[in-house]
Amino acid sequence: MVERCRIRKLQLLAHQYMISSKIEFYISESLPEYFAPYQAERFRRLGYVSLCDNEKTGCKARELKSVYVDAVGQFLKLIFHQNHVNKYNIYNQVALVAINIIGDPADFSDESNTASREKLIDHYLGHNSEDPALEGTYARKSDSISPLDDLAFDMYQDPEVAQIIRKLDERKREAVQKERYDYAKKLKQAIADLQKVGERLGRYEVEKRCAVEKEDYDLAKEKKQQMEQYRAEVYEQLELHSLLDAELMRRPFDLPLQPLARSGSPRHQKPMPLLPQREERGTENQFAEPFLQEKPSSYSLTISPQHSAIDQLLPATDPHPKINVAGAYSKTWSYREDALLALFKKLLEMPVGTPKEDLKNTLRASIFLIRRAIKDIVTSVFQSSLKLLKMIITQYIPKHKLSKLETAHCVERTIPVLLTRTGDSSARLRVTAANFIQEMALFKEVKSLQIIPSYLVQPLKANSSVHLAMSQMGLLARLLKDLGTGSSGFTTDNVMKFSVSALEHRVYEVRETAVRIILDMYRQHQASILEYLPPDDSNTRKNILYKTIFEGFAKIDGRPTDAEMRARRKAATEAAEKQKKEEIKALQGQLAALKEIQAEVQEKESDAVKPKNQDTQRGKAAPAEALGILDEHYLDNLCIFCGERSESFTEEGLDLHYWKHCLMLTRCDHCKQVVEISSLTEHLLVECDQKDGFGKCYRCSEAVFKEELPRHIKNKDCNPAKPEKLANRCPLCHENFSPGEEAWKAHLMGPAGCSMNLRKTHILQKAPALQPGKSSAVATSGPSGSKAGSKIPTPKGGLSKSSSRTHTKR
């Protein structure tokens with residue numbers, strides 16, 4: 001505590017679900033040794049209170065625990081025990097919503113006598129003061145404890161009404177001491193009435209806060225207006241100005257919201273000083289106090305109009321009759337409007353040559369009324385205030401040649417209220433206020449002051465209304481186009497910092513407007529804008545807003561956006577695929593034509609080798625038996641692929657020859673099938689078990705793994721193939737050579753042919769053992785020289801015809 005006290009009562013307001021099972025109380029005259037090592041004072045235990053687990057209310061209510069004690073000390077210690085377990089308190093926490101300590105300063109002069117006297121009284125009353133039960137069973141209640149000091153009083157009372165009640169209670173006790181019983185009775189009745197008023201206003205306040213939490217701002221505004229109207233009516237009915245002295249009435253528009261305790265309470269030794277009237281504080285520092293934060297309105301103890309204060313500000317030397325502006329405070333909106341129109345006419349007719357001081361006083365008094373009228377809920381009164389403000393800035397000040405300070409005063413006093421009205425629930429009032437702010441910013445008298453732009457780049461409050469944030473963003477965007485960022489009050493720095501922060505706002509329209517502002521700034525300032533934004537990388541572009549911004553930058557610079565680049569790549573890929581398909585189709589057509597030609601040539605060659613043992617005279621054919629014997633002997637020990645003849649070429653010998661030695665054949669590395677080298681590419685693309693893993697290069701016409709095909713095509717390292725009519729294509733060495741079947745033998749078997757045919761080494765090693773001319777004979781023999789209808793030997797692995805080629809699989 002502030003000083004050594006005698007504690008009479010302790011009150012605890014428990015949390016609704018963070019509830020301690022028990023709280024212990026300790027008191028000490030000074031800090032113990034573990035706080036101050038050279039002091040041996042210890043805390044003395046007073047007792048404890050148990051708290052309810054709140055299960056019956058579903059953890060929706062709060063328990064108020066009051067205990068009466070009689071202890072002297074300066075330090076009070078509370079020990080919280082383990083919490084009650086419930087589904088809401090997932091972290092096992094304990095908490096108090098409020099604590100209230102009620103007592104008096106300790107009397108050091110006669111403490112022992114006082115204690116003896118209290119013990120004697122307790123003895124006759126049947127109280128055991130040695131062991132007070134802290135759980136509510138100690139029934140003694142000191143007369144010095146006022147019910148207004150009770151925590152429950154502040155829980156259910158409106159703060160302003162509670163302050164007035166405490167003030168009236170002080171007056172009542174003073175009146176009783178002075179034996180002014182009629183006045184005390186009147187005060188008592190006023191306190192009783194005000195308690196009901198405060199409770200009702202407290203309920204309104206709770207309903208208003210609930211509406212705000214649900215973002216039902218129309219209901220919140222309705223509750224606020226309901227509170228204001230009810231408060232004003234009650235104050236007027238109670239005539240509080242006749243119950244309190246002039247000290248509390250001299251600041252009729254502001255009352256302290258802190259509770260006023262009686263002078264004997266150790267919690268508040270001095271009454272809180274009254275706040276100065278806000279309207280008389282002079283020009284506010286708007287940069288230190290942002291306009292978006294409206295201060296809570298407070299109410300006068302008297303409802304009598306304050307026109308006398310306004311009249312005192314009007315020039316005393318005015319030859320024209322003075323106007324009574326008390327109508328501006330009337331409850332009838334038409335009277336308020338008439339008062340503004342009368343003031344408009346009055347200022348417009350004020351003669352040139354009026355003393356400057358009188359002109360300034362009149363201006364400031366008018367601005368006072370204009371601020372009040374701007375807050376008016378009636379549209380016509382609001383519009384009249386705007387009309388009066390415009391006349392003062394554009395006509396009154398220039399006419400009387402007042403300084404820019406007066407113009408600045410008009411703008412600084414009214415712009416915060418006007419900006420607040422741009423968040424009004426009425427769309428008509430929002431639009432009117434926003435349009436007037438834009439118009440006022442373009443007044444030549446206001447434009448040079450650069451005041452309004454500084455308000456529009458103030459950061460948006462997280463709890464500001466949706467309409468207010470949207471209006472501020474809209475005004476900023478419009479005025480930026482009108483004023484630019486030269487000498488207007490808008491700078492690249494303040495606009496960009498505000499806009500980037502607005503990208504995080506919860507309202508989509510606000511974020512969208514911020515993006516438009518950033519793009520407009522980029523059109524004017526280009527690269528200098530980028531330093532206010534994160535780097536343009538893949539992580540940043542995951543945020544849709546930044547992606548939109550950077551793509552907008554690309555459009556402004558004339559660069560293709562990501563979407564356009566993807567579209568171009570897709571179109572190029574589709575065109576390449578289409579061209580590839582067309583080439584494949586053309587090649588397939590050429591291949592079919594070549595196959596037809598090859599079939600015709602083979603048929604002619606087969607017909608040419610048929611024996612023409614025909615009797616020209618008699619027209620008789622040679623015996624079929626002799627022809628069959630000749631063909632059967634011709635194919636013995638012969639490889640029909642390379643034309644080699646050997647005694648070892650039995651059925652099994654040929655199989656081994658095909659499998660390992662024939663220069664015209666090779667084994668597929670993927671399916672192990674023996675195929676002709678000339679048809680290896682076709683085999684990989686059409687017949688192989690792994691054919692799905694290959695694709696055809698449209699440049700070299702060879703089979704390439706599909707996963708390597710894009711890189712293969714992109715590198716352009718392959719040797720382009722020639723049409724099949726002009727050249728053959730070797731899949732081993734990737735070279736083009738002369739067309740025709742015989743050219744394949746020369747390329748694959750000749751010494752100067754394919755260098756990649758690994759089986760050629762075997763033939764070259766056997767070549768010296770062959771007789772001269774036999775190799776040539778072997779080379780010319782083969783399947784093309786066989787007769788039609790001849791029997792072709794089949795190896796063990798099996799031979800199959802495909803595309804006029806012979807394949808074997810072991």
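This report walks through a predicted model, from the whole chain down to a few single residues.

Residues are numbered from 1 along each chain as its sequence is written, and side-chain values use heavy atoms, with hydrogens and water left out. Because the model is predicted, local features need pLDDT of at least 70 and side-chain atom pairs count only at pLDDT 80 or more, while totals for chains, interfaces and linings use all residues.

**The whole chain**

The chain has 810 residues, and 42% of them count as buried (under 20% relative accessible area; exposed is over 50%, partly exposed is in between, with a 1.4 Å probe and protein chains only). Its secondary structure comes to 25 helices and 14 strands; these are DSSP runs numbered from the N terminus, H or I of at least four residues for helices and E of at least two for strands. Take the contacts (heavy atoms within 4.5 Å) with a separation of 6 or more: 64% of them come from residues 24 or more positions apart. The accessible surface is about 45500 Å², and 53% of that belongs to carbon and sulfur atoms (Shrake-Rupley method, 1.4 Å probe; for residues, only the protein chains shown count as cover).

| Residue | Relative accessible area | Class |
|---|---|---|
| Thr407 | 4% | buried |
| Leu64 | 30% | partly exposed |
| Arg173 | 32% | partly exposed |

Thr407 sits in helix 10 (residues 404–421). Skip its neighbours within four places in sequence, and Thr407 is in contact with Ile393, Ile397, Glu445, Val446 and Leu449.

Leu64 belongs to strand 4 (residues 64–73).

Arg173 is part of helix 3 (residues 159–177). Its C-alpha lies 9.9 Å from that of Lys188, 15 residues apart along the chain.

**Helix 17, end to end**

Helix 17 covers residues 544–557, 14 residues in total. From first C-alpha to last, helix 17 reaches 20 Å, close to the 20 Å expected at 1.5 Å a residue (that is, 1.5 Å times one less than the number of residues). At its start, a side-chain oxygen of Asn543 comes to within 2.9 Å of the backbone nitrogen of Leu545. Leu545 is itself among the buried residues of the helix, along with Tyr546, Ile549, Phe550, Glu551, Gly552, Phe553 and Ala554. As background, an α-helix has 3.6 residues a turn, so residues three or four places apart point the same way. After helix 17 comes Gly558, with a positive phi near 80 degrees.

Conventions. A polar contact is a pair of N or O atoms within 3.5 Å; within protein, one must be able to donate a hydrogen and the other to accept it, and residues adjacent in sequence count only if both atoms are side-chain atoms.
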